[in-house]
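I opened my notebook to look a few things up in this structure. My entries follow in the order in which I made them.

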Number of protein chains: 2
Amino acid sequence: MATERHRIAIIGLGQIGASIGMDMRGSFKGVDIIGHDKDPETAGLARRRGAVDEVAYTLPGAVEDAAIVIVAVPVTAVREVFTVISPNLSDGAIVTDTASTKMTVLQWAEEILPQTVDFVGGHPMAGVETPGIEGAQSGMFQGATWAIIPLPRTQSKSIDTIVNLVKTLGGEPYFADSVEHDSLVAAISHLPIALSINLMRTAVSSPSWREMARMAAGSFRDVSRLASGSVDMHHSIFATNKDFILHWIDTYVEQLQEMRKLVDEGGDSLQEALQEAYNARDAWLRGRVGETEQDRLYDEVPTASESAIGVFGGERLARIAGRFRRGRR
Amino acid sequence: MATERHRIAIIGLGQIGASIGMDMRGSFKGVDIIGHDKDPETAGLARRRGAVDEVAYTLPGAVEDAAIVIVAVPVTAVREVFTVISPNLSDGAIVTDTASTKMTVLQWAEEILPQTVDFVGGHPMAGVETPGIEGAQSGMFQGATWAIIPLPRTQSKSIDTIVNLVKTLGGEPYFADSVEHDSLVAAISHLPIALSINLMRTAVSSPSWREMARMAAGSFRDVSRLASGSVDMHHSIFATNKDFILHWIDTYVEQLQEMRKLVDEGGDSLQEALQEAYNARDAWLRGRVGETEQDRLYDEVPTASESAIGVFGGERLARIAGRFRRGRR
């Protein structure tokens with residue numbers, strides 16, 4: 001069976017795993033997508049929703065003969081999955097993941113996975129509020145930044161394979177090292193999660209919450225939205241990226257104390273601060289953050305991020321990163 | 001001209017004023033909607049977009065012979081509008097507003113408006129990100145809570161008129177006194193605005209903002225959304241509801257310090273806190289906040305809010321509030 005056709009295994013058929021399967025099945029010929037989920041009902045649903053060709057009811061069975069193994073489970077479950085699949089991975093298989101934090105995942109990959117396979121960490125910056133397979137959808141990764149974090153020993157051709165897979169799904173590869181990745185997502189993804197949850201905590205802590213709830217509308221709905229995300233996923237994010245998240249909570253509180261002072265004083269400096277925040281978000285929405293005249297003239301100059309990869313991941317990686325970064329423009 | 005037909009004046013043709021006009025024009029017969037905006041271009045656009053029947057280029061001209069005057073300007077502009085229109089208001093006219101804070105507005109109404117008119121404060125809990133008339137749309141108030149805050153001396157029939165107008169626009173009247181209103185919206189509307197703006201401030205304060213900006217996706221977009229709201233509106237909200245907002249910022253920071261501790265310690269208590277926030281938002285989305293078995297049995301029992309109106313606004317208002325509260329179920 002594996003002689004003519006290639007097998008790709010997806011471990012974990014939640015929102016991300018099932019969405020990957022849906023878009024891969026339409027894009028690859030000569031490939032069988034084998035799915036596994038610890039919950040057989042979820043696996044059956046994934047099959048019916050067209051996310052996988054075949055369900056494997058055991059983890060070792062799922063990865064057998066697979067050329068690519070995509071581990072799409074919450075970060076705290078990654079270690080156990082690596083441990084269980086390791087004896088059954090084919091020589092030359094490529095293992096990737098989609099977990100929200102990367103330092104621990106890369107450490108586990110280094111320690112647990114056999115030397116005969118290549119690991120390329122991944123993190124698609126996409127997702128919807130509805131947790132689990134109910135939130136899975138085709139087109140989920142269209143235009144989404146997809147962080148790519150290989151191990152230092154990972155072969156270039158394996159990185160290329162995952163990069164191509166990401167592009168096929170509509171994602172935009174973004175090379176980072178695991179420390180940089182975890183620090184960045186702590187600020188732009190995990191901090192917002194903490195803030196959103198804490199808005200709910202603050203509101204319900206009030207004796208007037210019942211009256212507030214009637215008045216609460218769009219502003220409250222948007223800023224509290226992430227409190228409705230998967231509790232397990234949030235817990236595993238906080239567990240595996242604690243230090244960076246605590247740092248960003250502290251930075252946020254410092255900024256909030258400054259803003260409190262501006263609100264208290266009122267006047268022009270408050271107005272200026274509001275305008276600056278408005279302008280900053282506007283630049284972000286238009287994809288023009290940090291753009292200078294020089295950037296437009298010398299697009300080939302490596303960014304700070306690229307240089308950091310040079311330091312952490314070697315010049316080869318930095319070159320690959322540069323290639324893809326420019327390709328994304 | 002005013003003998004056969006009624007005139008309704010809308011002062012301020014931004015997002016809220018123009019949206020009100022659009023839906024009123026389709027709903028009322030025998031009524032002319034006269035619009036005024038300090039920016040003549042905005043007024044012209046409102047006319048072309050069907051938000052008003054007629055543009056008045058002066059404030060006094062707009063309110064002349066008007067049975068109802070809707071003041072839909074940022075809260076900091078309300079005082080000046082009251083002052084300018086007062087000499088030209090018809091006897092028996094009803095003045096209402098849509099400003100985000102109510103304590104100052106009710107104080108100004110009491111001090112500035114003539115005794116020959118009735119004032120009914122209003123605040124529709126609706127709006128979209130796009131500021132100004134560009135964000136105006138028909139159906140804006142469908143299902144939206146609309147706070148109603150009359151002066152103590154306001155006649156019952158004037159309150160009824162505004163309540164009917166609100167219902168015609170699809171809004172759900174919610175009676176409050178101005179202190180209760182400002183305290184509630186500080187928590188569920190103004191605090192989220194401050195948090196959202198402060199997330200932008202925190203992100204751009206980092207030397208890595210350029211790299212973060214590439215990774216930032218849905219979580220960041222949602223929680224930072226309010227930073228793209230009208231700077232002038234936000235400034236006027238912070239200026240007129242400062243004390244309650246500062247209180248809620250402090251409460252938020254206290255809760256965030258507690259949450260920081262939970263993240264730092266990890267484990268079951270963090271998991272429980274995340275689950276509690278999840279459940280609280282779920283109850284809110286399903287409209288079941290604070291619902292108990294007794295509520296379902298004795299729907300006629302006044303809520304805390306209703307009792308508060310009894311204290312602040314007299315028993316008559318509490319009865320009216322109760323009538324509408326039950327009508328909304």
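Predicted model: local features only at pLDDT ≥ 70, side-chain atom pairs only at ≥ 80, totals over all residues.

**Where the chains meet.** I looked up the contacts between the two chains. On chain B, 80 residues are in contact with 80 residues of chain A. Several elements of chain B each supply at least two residues to that side, among them β7 (145-150), α9 (218-224) and α14 (304-313). Which element gives the largest share? I found α7(B), with 18 residues. I then sorted the side of chain B that touches chain A by class: 47 residues are nonpolar, 22 are polar and eleven are charged. Last, I compared the two sides. Of the interface residues of chain B, 100% are also interface residues in chain A, so the copies meet through the same surface.

**Helix α7 in chain A.** I turned to α7 of chain A, which runs over residues 178-204 and has 27 residues. From first C-alpha to last, the helix reaches 36 Å, close to the expected 39 Å. I also traced its course and found a kink of about 50°, centred on Ala186(A).

I wrote down the strand order of an open sheet of eight strands: β3-β2-β1-β4-β5-β6-β7-β8, with mixed pairing. At the edges I found β3 (54-55) and β8 (172-175). Each has a single partner strand, so one side of each is left without a neighbour in the sheet. Then I picked one pair inside the order. Strands β4 (residues 68-71) and β5 (residues 94-97) of chain A run parallel over four bridges. For Ile70(A), I found the bridge partner in β5(A) to be Thr96(A).

**One arginine in chain B.** I ended with Arg7(B), in strand β1 (residues 6-11) of chain B. How many other C-beta atoms lie within 10 Å of Arg7(B)? I found 23, so Arg7(B) counts as buried. I also looked at Ile34(B), which is 27 residues from Arg7(B) in sequence. In space, their C-alpha atoms are 6.9 Å apart.

Terms used
Residues numbered from 1 in each chain as written. Chains lettered and ligands numbered in written order. Expected span 1.5 Å × (residues − 1). Bend = angle between axes of the 7 residues up to and from the residue. Contact = placed C-beta atoms within 7 Å. Nonpolar A, V, L, I, M, F, W, Y, C, P; charged D, E, K, R; others polar. Pairing = 2+ DSSP bridges. Buried ≥ 20, exposed ≤ 12 C-beta atoms within 10 Å, placed from the backbone.
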